[in-house]
Amino acid sequence: MTTALIYLVVMLLVAAVVFLLAAVVFGRGEELAPLPPGSSPTRLPAEDIAGEDVRQVRFQLVFRGYKMSEVDWVLRRTGAELDELRERIARLEAAQQPREAAHRRPTGE
């Protein structure tokens, strides 16, 4: 019985050493280095969000996925920016229509 217990303890120690060595050599498999607690990798410009800005967004990982408050913030900001751009396009198109109509009117001969 004692021999089996010693064998088990030695096996656990060897497994722990191999695991720690592999963790040091290969890392944890993350793409980004871990962040300090309380910081966030989520960044967006204050105005004029571009497609590249959205593609570069990174969210802090928490126990069950991404931090929901950061995801919600990015979605709100992106949605507001899209709404503003669409409103601006609508105003420009509305301003363009009277000009086009004026050019189409036939001049009296």
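These are my notebook entries on a predicted model, from the overall layout down to single residues.

**Ground rules**

I number residues from 1 along each chain as its sequence is written.

**Entry 1: layout**

I started with the secondary structure, taking helices (H or I, at least four residues) and strands (E, at least two) as DSSP runs numbered from the N terminus. I found three helices and two strands. Along the sequence they follow the pattern α-α-β-β-α.

Next I looked up burial, where buried means under 20% relative accessible area, exposed over 50%, and partly exposed in between (1.4 Å probe, protein chains only). Of the 109 residues of the protein, 9% count as buried.

For the surface I used accessible areas from the Shrake-Rupley method with a 1.4 Å probe; for residues, only the protein chains shown count as cover. The protein exposes about 10,000 Å², and carbon and sulfur atoms supply 63% of that area.

I also checked contacts, meaning heavy atoms within 4.5 Å. Among contacts between residues at least 6 apart in sequence, 46% join residues at least 24 apart.

**Entry 2: helix α1**

Helix α1 covers residues 2–26. I compared its length with the expected span, which is 1.5 Å times one less than the number of residues. With 25 residues, α1 reaches 36 Å from its first C-alpha to its last, close to the 36 Å expected at 1.5 Å a residue.

How many of the 25 residues of α1 are buried? The count is zero, and α1 is hardly covered.

I then looked for a nonpolar patch, a group of residues with over 30% relative accessible area and no salt bridge, in which nonpolar side chains (Val, Leu, Ile, Met, Phe, Trp, Tyr) are joined within 5 Å; for charged patches, like charges are joined within 9 Å. Leu5, Leu8, Val9, Leu12 and Leu13 make one of about 500 Å². Leu12 is found in α1 and is exposed, with a relative accessible area of 57%.

From the record, I noted that the unreviewed UniProt entry carries the annotation "transmembrane region" over residues 6–26. UniProt positions are given in the numbering used here, feature names are shortened, and annotations may be inferred rather than shown by experiment. In the model, residues 6–26 are 100% helix and 0% strand, with the end C-alpha atoms 30 Å apart.

**Entry 3: helix α3**

Helix α3 (residues 68–104) has 37 residues. I read 53 Å from its first C-alpha to its last, close to the 54 Å expected at 1.5 Å a residue.

Which residues of α3 are buried? They are Glu70, Val74, Arg77, Thr78 and Glu81. What covers them includes α2 (51–55).

I also looked at Leu82, which lies in α3. At 40% relative accessibility, Leu82 counts as partly exposed. Leu82 and Ile49 are 33 residues apart in sequence and 8.7 Å apart in space, C-alpha to C-alpha.

**Entry 4: salt bridges**

My rule was a side-chain nitrogen of Lys or Arg within 4 Å of a carboxyl oxygen of Asp or Glu. The count comes to two salt bridges.

- Glu84 pairs with Arg88, and their closest N and O atoms are 3.0 Å apart. Both residues lie in α3, four residues apart, about one turn of the helix. Glu84 is partly exposed at 42% relative accessible area, and Arg88 is partly exposed at 34%.
- Arg91 pairs with Glu87, again with the closest N and O atoms 3.0 Å apart. Arg91 and Glu87 are four residues apart in α3, so they are separated by about one helical turn. Arg91 counts as partly exposed at 49% relative accessibility, as does Glu87 at 48%.

**Entry 5: a loop residue**

Where does Gln56 sit? I found Gln56 in the loop between α2 and β1 (61–62). Gln56 is exposed, with a relative accessible area of 53%.

Conventions:
This is a predicted model: local features need pLDDT of at least 70, side-chain atom pairs count only at pLDDT 80 or more; totals for chains, interfaces and linings use all residues. Side-chain values use heavy atoms; hydrogens and water are left out.
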